[in-house]
Amino acid sequence: MSVLNKHRIKRYRKDILNDIQEDVIEELEKLKVLSTLDMEQLNNMDDFNKKMEKFLDIIVKKTPPEVELFVRYLEVWYIWLYNLIVNPNKNVPLHDDLIRGGVPPLPHRNITRTLLVDRVREKLIDLKRDQYLVLHGMIGCGKTSLATEAVNNDEVHELCKGRIYWIPVGSEGEKNLPSLQECLNAILPEPESNLTDDVDVALLRLRTRFSDWEEGRDALIILDDVHSEKVVKYLSVGTKLLITTENENIITRGRKSVTFFEKVPDGFEEEETLALFASGIGIKAKELPPQARRIHKFSKGHPMSVSLISGQLEDHKEQMLTKGTSRWDYYVKLFSDKTLKRSLDLYGTYNAIKHSIESISEKGKEYFKHFVLFVEDVNIKSEVLSIIWSMDKHEVENLMMEYVRKSLVVRKWNTVFSSYIYGIHYLILQYLLENLSKDYVESLHRNLIESYMKVCNGDLSKLKEEDNYIFFYIGRHLKYAKMYNLFPVLYFNLEFIEIKLKKAGPADVILDFKHYGNLIIGDKVEVDNTAKYNSFLHFVELYGSWVHKGMDIVQLALQENSNTYVYTCATELACRRNLIVPYVLFPLGPHDKKRIVPQMVTVKKDISCVCCIDSSYFVLVGMYNGNIELWDLKSKITKRNFNEHTGCILKLKLNSNSDKFLSTSTDGTVRVWDLVQDIVSDRTPSPRERQESYSEFWPSSVENVGEKSFRIISHSGPVLWASFAQSSTSNIMASVSHPSLLTVWDGSSIKWNLEENGAKSCELCSGDLYVVVGGSEQVSIYDIDTAYLLHHLNWKIQFLYVVPENLGGGLLMVSEDRVDVWGISDDRPTIIPSEIRHDETYTCCALSGHIALGTNMNNVIVCHRHTGKTLKRLSESRADSKVVDVGLTEGALVTAYNDKTMFLWPLDDLVLPLPHICWPLESSVPFISRVTLDNSIQICRGRKIVKSIPVDQEILGLTLSPDRKLIAYTNSQSKIIHIVRVDNNEVIKCDMNINFPIKFYLFTHNEKPVIAALGEKSQVHVWFQATDKVILLGKESVRSTFITMTSKDEPTLITVSRPFGVHLWDLNTGSIIRRLSIHKPQKFSISFDKNIMVLSEGSIIQIINSNEHLSTESFTQMAPVIDCSLSPNGKIVAFALKNNKMVIYNIDSRKRNEYLFNRKANVDLIMAVSNSGILCVATSEPLVAVYTDLGMSYVVLHASSIVASPSHPNMFAVIDNSGELHVLHVYKNNSDLLCRDMMC
């Protein structure tokens, strides 16, 4: 209404200026309608009349809400002006004039499209004599109803002096021009008695008569359903014209400067469709079943389709009021099965489509048939049509404009692609499908495939144009073209899979393998492609997301087993390509057990919480906008949507059978949802889900509109937590809502509730006999039936969980800085050792076979549920990313972050402490020492166990001597360090009386063990078995981060202490021989022979020779040093800088090579450099980067330690975050890949 008020203020300007005074200015200044600049302009004017004129000029330029404040002031103090502006036509017979002018009545079930109607009315108000307003849009989109409603308005009626005339034209309008001109003649007060049939002469007469008709100078003539430019020409008699048409191009070029256009949307908005359905039945829109929304989605809100269904609903009103859904289901089935023409009366629509197609050029008709190739809602770029039609892109765009003007296709400008995107309505697609033969459609699909093959010389991986189409739908076109022989040719081609993964993503490739599996494998008896199929599918599931992010598919395929077909394809492809990057082989191969490769998934909305389902790859994701999505992290697709909440999702929980889940929200509800549907089934994603930077033309008919919850429990405030009963057959639930209200429910009815100060979480326990509630004040236990307080603890907690009976039962309580696990019969809980800093607190938790904890410092810690032992620790290195929630399931951890990302981490066979690598000079493979979950110590050569030693106590620390003859460990029950001789299992005990935690190093001197150890703030203690004495080093050894023995002859020790620097010690006397560095080392590395060292402090790199008094070399970098590493031979230094540069420096030649690290460098870097100058770098991401003079490669590994081989120049040992050993062999010559010698 404010828009119309602006026009009325302009029209009644003189009346307003005659009456208003300066009090209006004063009031609007107080209301801040008038700005300081406005007031300066007004105050500088001395003439009152000019000042008030300037005031009105300012007001009409204000925003609608500001104009409304002016009008409201007039209502209080100038009521006569207010009535003039708001109700100017109370006594004008609008309805009579519209009937007299032949304007049709509004439809019986009309739904006002308010914004659109207001825009049309505004343009009608501004329309001058001999100007046109054209309403254009596709068939059946509601143009006629819109025109009818727009003129049914007092303001429009007043401006037209009551003279509004409606002339229905129709598709035969050009043939009926004399009759239509006679209709115009009848409007005149004194019509021509014998208007000629010569339309040119008649037009001249009519224009003269209408020009002379003084009372009709402001008349509005509406030409409805115009199909021809000629009709507009011969019915333009100098009045205002409102035209409805499907063809935007009916206006001649010379008239476009005086023509306004308004595109009528092709469909109703969802609320408009629901309002129409509801009005037909006589209920409120919110009472409609979910099928009503599905019908809107399937029909894309097409007004004619919606109106037909609404009419049928009204015809069966009594049936619909019984709340039965069979008729709703019937309509959903009709639309989803595409049987509209047969089942609903849409012949009028099809006739209109037919007429529109017949009106285009012969060339246009032939090319238009090709649109039958496309699926509903797909975005079509000019590049796609250019290839199919063998036509220049600009020629394509010119032809498409003919279709756009006829409303046969729609067009939008896509800013991401800087290109026009086209779409075709499903009714027109359906019309084409029903009117073209199957053989002809098959030939079109074949032409599409052949056209694409032609432009890329038969190799789709070389397709240059980014068409955002073919790699999503290549399988569909191959199938409908019956070109089955190309399926194995393409889908067993690593280069094709690489480009398809990069363009379409892993979800699309996986779905193609599953949908077209039989065609990919083929049916030839002599060729068994099953093994190839399984190899490729397995590879895409594991590594597809990394290829999509730009990683080299060859390198990733080389991480597969060497006996797989993908691996063979990778080695062949590597040899065909010009090698510009190094390739890394895995001589030990991948681990034999089931692998869950670390995966990253990006979602489209901000994540608030997650909940894992029993399968390792399925996770429920709650969003801040209230949506819930079920994700398959393996296929990278959304399986189901649950979108009934209107507020942020706070908690997601599964029931004991994992067939239902609940969600709590800030909208004050708990909703219970069904999970029994087959979540493993694969639906075809809609184009909106598939295509990049999708342009929306209509509501997607195949979009998952959301599951329906079967139970809704309403609260008065946000629901912080809710819990199912432990019994799968019970309807009992408990919830905690703001402010501090604990409620126990029986179904959707309240059983009892009470206030519990500071309550944050609650759980039903002990066979559903009790409810436990905890929070910032206390923990309380209540009887489930009587609400009687049974027990009370003054214990402040963040959240609590019930441990399922299949995991041993009990209760887990998480405070800010500790975790307590109470067993069923334990008197005291198991206390999880604190792994956080004094200013760090736990913020989220998940419970399964393990316990996962997220902290406010962006760390994630995984602990053993029974022992509290830390099994895994993740530190997120992305500075702009924070942990929002964690999820656990068998074999996997899910971490969710505030940047819309989720990571899936493997948890198989977690071990801590992590294995210790020992790579002897004479060995081709490294040795590792590790601890198993049953507290056995294993020594492995590669992955082969050569020694296993059982230990009674939980092992906290473990190390292997360089000669592999001794193992030392500490346990949780004693300060004693145990030393075991590997050959005979002899145990030697060393007690240095050092407080926990103990850090220790194991050496040998004269074949006798030597232990160097220190506590958190203690000096270094050195113990010799030979003398059974402990030497205490000086204060310069406090807080040492690295200790090593250097001499085999004389016992000397090097300590690296951040506060005190690097020192060489005489172990005979415990005194300092010399200080090797004055710097306070932040990072340190040492050569294999212990003679050369490198350290960093700030931006300084220092290279030290322990046999010399002064450092060999020292230099300052342009940025702080994050980490440094020294090659085993001590000749090459590598260091990472905070400016994301990696530097490799040759000490002998002083040659320096720099590489740009394209991931954010951070303190969690792990790096090692080989004797040949190859650099291996890992971050907290599950990636390892390998740098050589050829370039850089990435492998997918989440490394916890990296060691370069002391004897092989191109090999590294890597321990991943699950404790598994990998050997990396870097190849600089691609010809070596086919003739390499595999390691044992």
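In this predicted model, strand β17 is largely enclosed by the rest of the structure, because five of its six residues are buried. Strand β17, which spans residues 669–674, pairs with β18 in the antiparallel sense over four bridges. Within this pairing, Arg671 stands opposite Ile712 of β18, and Val672 is placed opposite Arg711 of that strand. Towards strand β16 (residues 660–665), β17 is joined by five bridges, again with the two strands running antiparallel; here the bridge partner of Lys660 is Asp674 in β17. The hairpin formed by β16 and β17 has three residues between its strands, and in this hairpin Gly668 takes a positive phi near 85°.

These pairings belong to an open sheet of four strands, arranged in the order β15-β16-β17-β18 with antiparallel pairing. The edges of this sheet are formed by β15 (649–654) and β18 (711–714), each of which pairs on one side only. From one strand to the next, the twist averages 15°. In general, the strands of a sheet pair through backbone hydrogen bonds, in either a parallel or an antiparallel arrangement.

A further open sheet of four strands is formed in the order β11-β12-β13-β14, and its pairing is antiparallel. Strands β11 (607–612) and β14 (637–642) stand at the edges with a single partner strand each, so that one side of each is left without a neighbour in the sheet. The twist in this sheet averages 25° from one strand to the next. Strand β12, comprising residues 618–623, is joined by five bridges to strand β13, comprising residues 628–632, and the two run antiparallel. One of the facing positions is that of Val621, which stands opposite Glu629 in β13.

Helix α10, covering residues 143–151, is mostly covered, with seven of its nine residues buried. The buried positions of α10 are Lys143, Leu146, Ala147, Thr148, Glu149, Ala150 and Val151. Lys381, for its part, is located in strand β6, which consists of residues 380–381. With a relative accessible area of 5%, Lys381 is buried, because this value lies under the 20% cut-off for burial. When neighbours within four places in sequence are left aside, the residues in contact with Lys381 are Phe417, Ser419, Tyr420, Ile421, Glu466, Asp467 and Asn468.

Rolling a probe the size of a water molecule over the atoms shows where empty space is left. The count comes to four cavities of 30 Å³ or more, and the second largest cavity holds about 60 Å³ of space. The lining of the second largest cavity consists of Val226, His227, Thr245, Glu246, Asn247, His355, Ser356, Ser359 and Lys406. By residue class, the lining of this second largest cavity divides into one nonpolar, six polar and two charged residues.

Technical notes: Residues are numbered from 1 along each chain as its sequence is written. This is a predicted model: local features need pLDDT of at least 70, side-chain atom pairs count only at pLDDT 80 or more; totals for chains, interfaces and linings use all residues. Side-chain values use heavy atoms; hydrogens and water are left out. Two strands pair if DSSP finds at least two bridges between them. Axes are lines fitted to C-alpha atoms, for helices over the stretch in contact, and angles run from 0 to 180 degrees between N-to-C directions. On a 1 Å grid over the protein atoms alone, a cavity is a set of points where a 1.4 Å probe fits but cannot get out, and a pocket is an open set with protein on both sides within 12 Å along at least five of seven lines; lining residues have an atom within 4 Å of a point. Grid points are joined across faces, edges and corners, and a volume is the space filled by probe spheres set on the points. Ala, Val, Leu, Ile, Met, Phe, Trp, Tyr, Cys and Pro count as nonpolar, Asp, Glu, Lys and Arg as charged, and the others, Gly among them, as polar. Buried means under 20% relative accessible area, exposed over 50%, partly exposed in between (1.4 Å probe, protein chains only). Contact means heavy atoms within 4.5 Å.
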